[in-house]
Amino acid sequence: RGNGRAMIIIPEINTVVILVPRTGTSTLRRAIAEIYPMSMMIYRHMEADGIPIGYDRWHRVGVVRNPVDRLWSLYKFLRKFGGDYDSAYIETMRSSVAMPFDEWLIHNRIPFTSPYDSSGRNRFWPGYTVRHPLPENRKSQEIYLRPDLGTEVFRFPDRAGLFDALKLPLRHDMRYNSTEESPPPELSDDVWQHLKQWFEWDFKASF
């Protein structure tokens with residue numbers, strides 16, 4: 001596991017940032033850290049209904065991305081996954097994408113974020129706790145963002161508005177953990193049916 005924690009709490013502006021995987025969160029949290037040195041990075045990818053008591057009264061914000069683009073980005077990211085993480089976790093993540101993208105969209109059962117040890121050694125990383133440990137190919141961004149709890153949601157193409165709301169400079173040279181830009185493969189009708197079943201909210205919210 002890495003050393004980062006990222007359900008970001010910003011005391012100066014009383015805001016909680018929900019960081020949905022593959023929505024530009026690494027860039028966002030670094031920008032926040034530069035401008036708000038007192039910000040607290042508590043969880044890596046906790047959902048809005050897991051905000052600690054007290055901070056759950058604060059304004060919350062987050063980004064929604066087209067679900068196909070988001071999952072394609074995650075798939076490419078995991079194919080080359082590495083860095084400052086536990087070796088068993090790296091192997092688990094890489095093995096989860098050892099299949100074509102369209103098959104992964106339907107058949108993957110391995111959660112991306114979980115505090116439990118991938119090597120079976122009973123280790124536990126509390127910073128990676130989530131309330132809904134679902135695999136990303138079945139986990140709607142609505143579960144992360146919970147707009148019904150008052151989260152202000154910004155579309156991925158309009159995330160400059162989030163930077164403005166947080167009083168952050170939007171620097172185009174800041175891109176962390178981004179993958180090579182390429183369109184997702186053509187998907188079958190069965191895959192689209194699967195996507196529409198699990199990501200109806202995502203499609204509506206991201207367009």
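Select Leu74, Leu78, Met93, Ser96, Trp104, Asn108, Ile110, Pro111, Phe112, Pro135 and Glu136: these residues line the largest cavity of this predicted model. Helices α2 (67-79) and α3 (87-96) are the elements that each give two or more residues to this lining.

The volume of the largest cavity is about 50 Å³, and 2 cavities reach 30 Å³ or more. A cavity is a set of points, on a 1 Å grid over the protein atoms alone, where a 1.4 Å probe fits but cannot get out; lining residues have an atom within 4 Å of a point. Volume here is the space filled by probe spheres set on the points, which are joined across faces, edges and corners.

Residues are numbered from 1 along each chain as its sequence is written. In this predicted model, local features need pLDDT of at least 70, side-chain atom pairs count only at pLDDT 80 or more, and totals for chains, interfaces and linings use all residues, while side-chain values use heavy atoms, with hydrogens and water left out.

Next, select Val16, which lies in strand β2 (residues 15-18). Val16 is buried, with a relative accessible area of 0%; buried means under 20% relative accessible area (1.4 Å probe, protein chains only). Beyond its neighbours within four places in sequence, Val16 is in contact with Met7, Ile8, Ile9, Ile51, Tyr55, Trp58, His59, Arg60 and Val61, where contact means heavy atoms within 4.5 Å. For Tyr55, 39 residues away along the chain, the C-alpha separation from Val16 is 7.4 Å.

Then move to helix α1 (residues 25-35), whose buried residues are Thr25, Ser26, Thr27, Leu28, Arg29, Ala31 and Ile32. Their cover includes β1 (8-10), β2, β3 (40-41) and α6 (160-165).

Finally, display the whole chain. Its secondary structure comes to 8 helices and 5 strands; helices (H or I, at least four residues) and strands (E, at least two) are DSSP runs, numbered from the N terminus. Along the sequence, the pattern is β-β-α-β-β-α-α-α-α-β-α-α-α. The C-alpha atoms fill a box of roughly 45 × 45 × 35 Å along the principal axes. Of the 207 residues, 48% are buried. Among contacts with a separation of 6 or more, 76% join residues 24 or more positions apart.

Technical notes: 1 Å grid on protein atoms, 1.4 Å probe; cavity = no way out; pocket = protein on both sides within 12 Å on 5 of 7 lines; lining within 4 Å. Buried < 20%, exposed > 50% of the residue type's maximum accessible area, 1.4 Å probe, protein only.
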